[in-house]
Amino acid sequence: MAILPIRITGDPVLHSPAEPVTDFDDSLRQLVTDLFDTMDAAPGVGLAAPQVGVPLRVFVYGYDTDEYGPWRGVVINPELWITPPPAGEPDEELESEGCLSFPGERFPLRRADEAIITGVDLDRNPVELRVDGWRARILQHEYDHLDGYLYLDRLGRHDRKIVHKVTRKMGWGVPGVSWMPGEDDLDG
């Protein structure tokens, strides 16, 4: 079990596309184990390899607070298809999300309500997830990390101004800043 430091916005690995996984070896298995441990300690509902400084196209997810029960897994080298997001402004209560790479903050963001993601698992078995609602939001959020985007990059002008203020106040937005789940208190 290893809990890894989570990179905070401004670190170059978060703002660059990740590379496809080509080696399905023990180091990949260890990375996935560490991603789950780190996600659970944070706590979060998803974590992508770039968030722990590894520029590979892999993420884990874990969510069990809806009517469908526990949902947990890994997707390697994913492809994503989504329905068009609804027009209009996002609902601040129902469509707000956060990110472990911008801890302690939440902003509303309109996302597609349905998503399909395909890829493989650690044994190169095909993975296909067809989801909607909050689960679709999780997959879109984690997939964005693999393309070098944070959800902050998709926010409207007003919220981006707040993001810039928080970033300056916290000393973020530069390479090398991270936090350690279970050790750092970033909420205040």
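Q: Buried means under 20% relative accessible area. So what is the relative accessible area of Glu95?
A: It is 13%, so Glu95 counts as buried. Keep in mind that this is a predicted model.

Q: And which residue does Glu95 form a salt bridge with?
A: Arg137. The closest N and O atoms are 4.0 Å apart. Arg137 is buried too, at 7% relative accessibility.

Q: Which residues are in the network with them?
A: Glu97, Arg110, Arg111, Asp144 and Arg154 join Glu95 and Arg137 in one network, through salt bridges that share partners.

Q: How many salt bridges are there?
A: Eleven. One of them pairs Asp40 with Arg72, with the closest N and O atoms 2.7 Å apart. Asp40 lies in helix H1 and Arg72 in strand E4, so this pair ties together parts 32 residues apart in sequence. Asp40 is partly exposed at 40%, and Arg72 is partly exposed at 46%.

Q: Switching to the sheet. What is the strand order?
A: E2-E3-E4-E7-E8, an open sheet with antiparallel pairing. E2 (46-48) and E8 (126-132) each have a single partner strand, so one side of each lacks a neighbour in the sheet. The twist averages 40° from one strand to the next.

Q: How many bridges hold E7 and E8?
A: Seven, in the antiparallel sense. Among the bridge partners, Gly119 faces Val127 in E8.

Q: Which strands does helix H1 touch?
A: H1 (residues 26-41) packs on the sheet and touches E2, E3 and E4. Its direction makes about 40° with that of E3.

Q: And H2, what does it touch?
A: H2 (residues 133-146) touches E2, E3, E4, E7 and E8. Its direction makes about 155° with that of E3.

Q: Last one, H3. Which of its residues are buried?
A: Asp159, Val163, Val166 and Thr167. They cover an arc of only 100° around the axis, which puts them on the same side of H3. Strand E6 (102-108) is included in what covers them.

Q: What does the face turned away from that buried side carry?
A: Exposed residues: Arg157, His158, Lys161, Lys165, Arg168 and Lys169.

Q: What comes just after H3?
A: Gly171, with a positive phi of about 75°.

Methods. Residues numbered from 1 in each chain as written. Predicted model: local features only at pLDDT ≥ 70, side-chain atom pairs only at ≥ 80, totals over all residues. Heavy atoms only, no water. Buried < 20%, exposed > 50% of the residue type's maximum accessible area, 1.4 Å probe, protein only. Helix = DSSP H or I, 4+ residues; strand = E, 2+ residues; numbered from the N terminus. Arc of directions from axis to C-beta. Contact = heavy atoms within 4.5 Å. Pairing = 2+ DSSP bridges. Axes fitted to C-alpha atoms, helices over the stretch in contact; angles between N-to-C directions. Salt bridge = Lys/Arg side-chain N within 4 Å of Asp/Glu carboxyl O.
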